[in-house]
Amino acid sequence: MNKVNRENIILNLSAKTKDEAIKKISTKLYDGGYISNEIDFLDSVIHRENQNSTGIGNGIAIPHGASDAVVKSTVMFAKLENPIDWDSLDSLPVEYVFLLAITKKEHGDSYIRVLANLAKLLMDADFVEGFKRANSLEEIYDSLNRGEN
Amino acid sequence: MKIVAVAACLTGVAHTYMATASLEKSAKAANVEIKVEIQGAMGIENKLSQSEIDEAHAVIFAIDTSVVGRERFEGKKIIEVRTADTLRRSDEILQEAINIGEEK
């Protein structure tokens, strides 16, 4: 299973704040049919964000929401036009956002495993360098899904 | 030196797994044996047996919530941190665990 679908990659997303970035990416999730209600999903993401920031350092953020509004679990990747403040662990601005939508169904779904593996990979310097160095949508897609069958 | 750990965050999908990866990476670099029990959205993975816990020299809890089955660790030397701490400084945390593990 692919980690990140081609249509779930956004290039040059323009946002001035993290709330704006999360909102814009959530709209794409709604358009893609992954969430049934944008406001409910946003509530879960912002609620999580307020507990502690999901800026994991190195220019990367991994906001996520688990909500009944999630129809099927997925991830949206966005490369921002300009890095923005995300209250990150290393205080550096964020340029790469992985927004995770997680189903609240009792036993989850098969994609949660993919998301967990993706989270693990974000600790791998080679994987991170791969998508940071990528210039086109196709290169980003390849780097994010490298090693998948 | 044997270390065991438990990773658990609120959603159980992102930080739990990042913390696990960080601790495993630091342990590999320090050439220390570690086993991380994951308490996440898919239940408990890589569950620690009581003998593994008993044999461990130190325990790391990387948690943003409570540990399921905390009583299994009674009497152990435990370092408790937040999952985010392991993203910031997992090498240091591992070293602290090694240090307390070496104490008599």
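Predicted model: local features only at pLDDT ≥ 70, side-chain atom pairs only at ≥ 80, totals over all residues.
Author: Residues are numbered from 1 along each chain, chains are lettered from A in the order written, and side-chain values use heavy atoms, without hydrogens and water.

Reader: What makes Glu24(B) and Lys120(A) a salt bridge?

Author: A salt bridge is a side-chain nitrogen of Lys or Arg within 4 Å of a carboxyl oxygen of Asp or Glu. For Glu24(B) and Lys120(A), the N to O distance is 3.7 Å. The pair therefore meets the rule. Across the interface of chain A and chain B, the rule finds 2 salt bridges.

Reader: Which elements of chain A give two or more residues to the side that touches chain B?

Author: They are helix H2 (38-51), strand E4 (64-67), strand E6 (94-103) and helix H3 (111-121) of chain A. Helices (H or I, at least four residues) and strands (E, at least two) are DSSP runs, numbered from the N terminus. H3(A) gives the most, with 6 residues.

Reader: How much area is buried between chain A and chain B?

Author: About 1,700 Å², with 70% from carbon and sulfur atoms. Leu89(A), Lys120(A) and Met123(A) lose the most on the chain A side, together 36% of what that side buries. Buried area is the accessible area (1.4 Å probe) that two parts lose on being put together, summed over both.

Reader: Why are H4(A) and H5(A) called roughly antiparallel?

Author: Helix H4 (residues 125-133) and helix H5 (residues 137-145) of chain A pack at about 170°, with axes 8 Å apart. Angles run from 0 to 180 degrees between N-to-C directions, with axes fitted to C-alpha atoms, for helices over the stretch in contact. Angles over 145 degrees count as roughly antiparallel. H4(A) and H5(A) are therefore roughly antiparallel.

Reader: What does the salt bridge of Lys35(B) with Glu52(B) tie together?

Author: The closest N and O atoms of Lys35(B) and Glu52(B) are 3.0 Å apart. Lys35(B) lies in strand E2 (residues 33-40) of chain B and Glu52(B) in helix H2 (residues 50-55) of chain B, so the pair ties together parts 17 residues apart in sequence.

Conventions:
Parallel < 35°, antiparallel > 145°, perpendicular 65-115°, else oblique.
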